[in-house]
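Reader: I'd like to go through this model with you. Can we start with the terms and then move to the details?

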Amino acid sequence: MSVLPGAEPFLFDAGPDAPAAVLLSHGFTGTPQSIRPWGEALRAAGYTVSCPLLPGHGTRWQDMNRTTWHDWYKAVEDEYLSLHARGVPVVAGGLSMGGTLATRLAQVHAGKATEPVGLLLVNPSYLTLRKDAALLPVVSRILGSFPGISDDIKKPGAHELAYDRLPLKAAASLSQLWKAVSADLGRVTAPVRLFRSLEDHVVEPANGEKLLAGVRSAVKSEVVLRESYHVATLDNDAPTIFEGSAQFVASLLSPAGSR
């Protein structure tokens with residue numbers, strides 16, 4: 001299937017003198033379009049920024065049901081290691097499930113030369129409090145999809161390029177990713193900057209609480225976004241995310257560092 005217009009991956013190359021690189025990942029059923037402005041802002045701050053299109057995304061929802069979280073993680077890790085091969089510090093980040101995948105990167109590479117120097121997370125997901133989620137493994141064998149979860153944006157006129165259906169087999173795999181990442185939160189020691197929307201109709205506040213309570217990072221902070229819903233990178237508080245992200249990366253590169 002051809003990729004939907006606007007859903008393409010991006011690489012903003014700041015050149016050989018860039019002091020750092022940032023790997024960004026989009027969310028479940030979404031596309032790089034949802035975080036392209038974030039990437040552009042970080043590129044304007046002088047950093048190389050890359051965002052892959054996750055397998056099964058950006059075409060049609062049925063394609064997602066042929067993939068699992070292992071496929072999504074591999075795409076993120078491959079691009080991350082490509083950035084790391086440039087020989088500069090790399091920060092990992094993402095929106096929603098993209099933040100979950102970035103957290104997994106920090107867990108897998110903890111203590112290694114390839115460990116991210118920091119995590120930039122916008123409304124990452126690690127669990128759901130919905131009781132019907134327990135039925136996903138069964139329901140996904142019967143139904144292909146439910147109505148979608150895209151476009152949770154407060155800003156008038158803003159639009160997220162994402163599927164209008166929720167692929168259930170893929171959603172069941174996402175729940176497995178949550179279990180794996182939640183179990184290993186204590187392996188995360190990289191500095192964390194969390195941006196969390198006060199009103200989010202997709203990811204409950206318990207997700208941010210779980211992250212901050214579970215990681216062993218000496219440096220971790222939370223910025224509450226009061227004028228945005230879930231897709232905050234396209235919402236009213238986007239400038240806060242962009243400016244805060246650039247400042248966070250710069251702090252990681254300062255002589256004193258953030259550790």
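Author: Contact means heavy atoms within 4.5 Å. Helices (H or I, at least four residues) and strands (E, at least two) are DSSP runs, numbered from the N terminus.

Reader: Where does the model come from, and what goes into the values?

Author: This is a predicted model, in which local features need pLDDT of at least 70, side-chain atom pairs count only at pLDDT 80 or more, and totals for chains, interfaces and linings use all residues. Residues are numbered from 1 along each chain as its sequence is written, and side-chain values use heavy atoms, with hydrogens and water left out.

Reader: How many helices and strands in the protein?

Author: There are 8 helices and 9 strands. The radius of gyration is 17 Å, close to the 18 Å that the globule rule gives for 259 residues, so the protein is as compact as a globular protein of that length. That radius is taken over C-alpha atoms, and the globule rule is 2.2 Å times the number of residues to the power 0.38.

Reader: What box do the C-alpha atoms fill?

Author: Roughly 55 × 40 × 35 Å, taken along the principal axes.

Reader: And what share of the residues is buried?

Author: Buried residues make up 53% of the 259. Buried means under 20% relative accessible area, exposed over 50%, and partly exposed in between, with a 1.4 Å probe and protein chains only.

Reader: Let's go to helix 4. How many residues does it have, and how far does it reach?

Author: Helix 4 covers residues 97-108, which is 12 residues, and reaches 16 Å from its first C-alpha to its last, close to the 16 Å expected at 1.5 Å a residue. The expected span is 1.5 Å times one less than the number of residues.

Reader: Is helix 4 mostly covered or mostly open?

Author: Mostly covered, with 11 of its 12 residues buried. Among them are Met97, Gly98, Gly99, Leu101 and Leu105, along with Arg104 and Gln107.

Reader: What do those buried residues pack against?

Author: Strand 2 (21-25), strand 4 (90-95) and strand 5 (118-122), plus helix 3 (69-84) and helix 6 (168-183).

Reader: Strand 4, then. Valine 90: buried or exposed?

Author: Valine 90 sits in strand 4 and is buried, at 1% relative accessible area. Not counting residues up to four places away in sequence, valine 90 touches Ala21, Leu23, Tyr80, Leu83, His84, Pro116, Val117 and Gly118. The C-alpha atom of valine 90 is separated by 30 Å from that of isoleucine 149, 59 residues apart along the chain.

Reader: Does phenylalanine 28 belong to a loop or a strand?

Author: Phenylalanine 28 is in the loop between strand 2 and helix 1. Phenylalanine 28 is buried, with a relative accessible area of 8%.

Reader: Which residues is it in contact with?

Author: Setting aside neighbours within four places in sequence, phenylalanine 28 is in contact with residues including Met97, His57, Trp72, Ile149 and Ala171. The C-alpha atoms of phenylalanine 28 and alanine 171 are separated by 8.4 Å, and the two are 143 residues apart along the chain.

Reader: Which residue has a positive phi near 70°?

Author: Threonine 29, a residue other than glycine. Threonine 29 lies in the loop between strand 2 and helix 1 (36-44) and counts as buried at 2% relative accessibility.

Reader: And which one is near 45°?

Author: Asparagine 123 has a positive phi near 45°, again in a residue other than glycine. Asparagine 123 is in the loop between strand 5 and helix 5 (136-139), and at 2% relative accessibility asparagine 123 counts as buried.

Reader: Switching to prolines. Where is proline 52?

Author: Proline 52 is in the loop between strand 3 (48-51) and helix 2 (61-64). At 10% relative accessibility, proline 52 counts as buried. Beyond neighbours within four places in sequence, proline 52 is in contact with Pro9, Leu23, Leu24, His26, Pro32, Ala75, Val76 and Glu79.

Reader: And proline 147, buried or exposed?

Author: Exposed, with a relative accessible area of 57%. Proline 147 is found in strand 6 (residues 145-147). Leaving aside neighbours within four places in sequence, proline 147 is in contact with Asp164, Arg165 and Leu166. The C-alpha atoms of proline 147 and leucine 166, 19 residues apart along the chain, are separated by 5.7 Å.
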